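Please examine the sequence and the three-dimensional structure shown below.

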Amino acid sequence: MSRQKVTSAAEVPQWLNEEEREGWLFLSSIMFNLPGQLESQLQADSDLSFVEYMVLAMLSESPHHKLTMTELARQTNTLLPRLSRVVTRLEKDGFVERTVWKKDRRVSICHLLPEGRAKVHDAAPGHVAAVRQLIFDRLQNRQITALAKIGEAVLGDKPSSVINLENVQPLD
């Protein structure tokens, strides 16, 4: 699958104006710095990577504490090959287990085990405190609203719409 080029070599690029450039530099700085800060907090406090935490959190919020690997990848913004490696590590630690769906053996289901529920329950307060300290304590309410609207405009939908656990079909 190839990506289509935004401009051809013959076209003159439309350079960013000063305000767009500043916005882009802020956004890229957030993209590179925030994950490392959150990862450090989770590693130090809970011995979890950010993606491991997200896997456990999404499973803990899902109906019956289980999701297909495809749904879990979508909810954690993780590619399936990486997710598979993460889930393998979490299986070794006794936090999750994978099974195949009896209706379609091509579908893998990830189940949160009691040890995983306890792990995410213990990790969540520190993670939420870090998110609050690094992001929300620095913003006014109108800025938080603007941040949500910017995210929706850039990504095309609200994460709560993409990660709508009420629409997840129960697996039997």
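By class, the lining of the largest pocket holds 25 nonpolar, 13 polar and 9 charged residues. Ala, Val, Leu, Ile, Met, Phe, Trp, Tyr, Cys and Pro count as nonpolar, Asp, Glu, Lys and Arg as charged, and the others, Gly among them, as polar. The model is predicted: local features need pLDDT of at least 70, side-chain atom pairs count only at pLDDT 80 or more, and totals for chains, interfaces and linings use all residues. Residues are numbered from 1 along each chain as its sequence is written, and side-chain values use heavy atoms, with hydrogens and water left out.

Rolling a probe the size of a water molecule over the atoms shows where empty space is left. On a 1 Å grid over the protein atoms alone, a pocket is an open set of points where a 1.4 Å probe fits, with protein on both sides within 12 Å along at least five of seven lines; lining residues have an atom within 4 Å of a point. Grid points are joined across faces, edges and corners, and a volume is the space filled by probe spheres set on the points. The largest pocket contains about 2,400 Å³ of space. Its lining numbers 47 residues, and I30, L34, I135, L147 and L155 lie nearest the centre. Six helices, α1, α2, α3, α5, α6 and α7, each supply at least two lining residues, and α1 gives the largest share, 12 residues.

The chain has 7 helices and 3 strands; helices (H or I, at least four residues) and strands (E, at least two) are DSSP runs, numbered from the N terminus. Two of the helices are set side by side below; the expected span of a helix is 1.5 Å times one less than its number of residues.

| Helix | Residues | Distance between end C-alpha atoms | Expected span |
|---|---|---|---|
| α1 | 29 residues | 41 Å | 42 Å |

Which residues of α1 are buried? They are S28, L34, L38, Q41, L42 and S46, where buried means under 20% relative accessible area (1.4 Å probe, protein chains only). These residues pack against α2 and α5. In α6, the number of buried residues is 0, so this helix lies largely in the open. Just after α6, G156 takes a positive phi of about 95 degrees. Over the chain of 172 residues, 28% are buried.

Definitions and conventions:
Buried < 20%, exposed > 50% of the residue type's maximum accessible area, 1.4 Å probe, protein only. Contact = heavy atoms within 4.5 Å.
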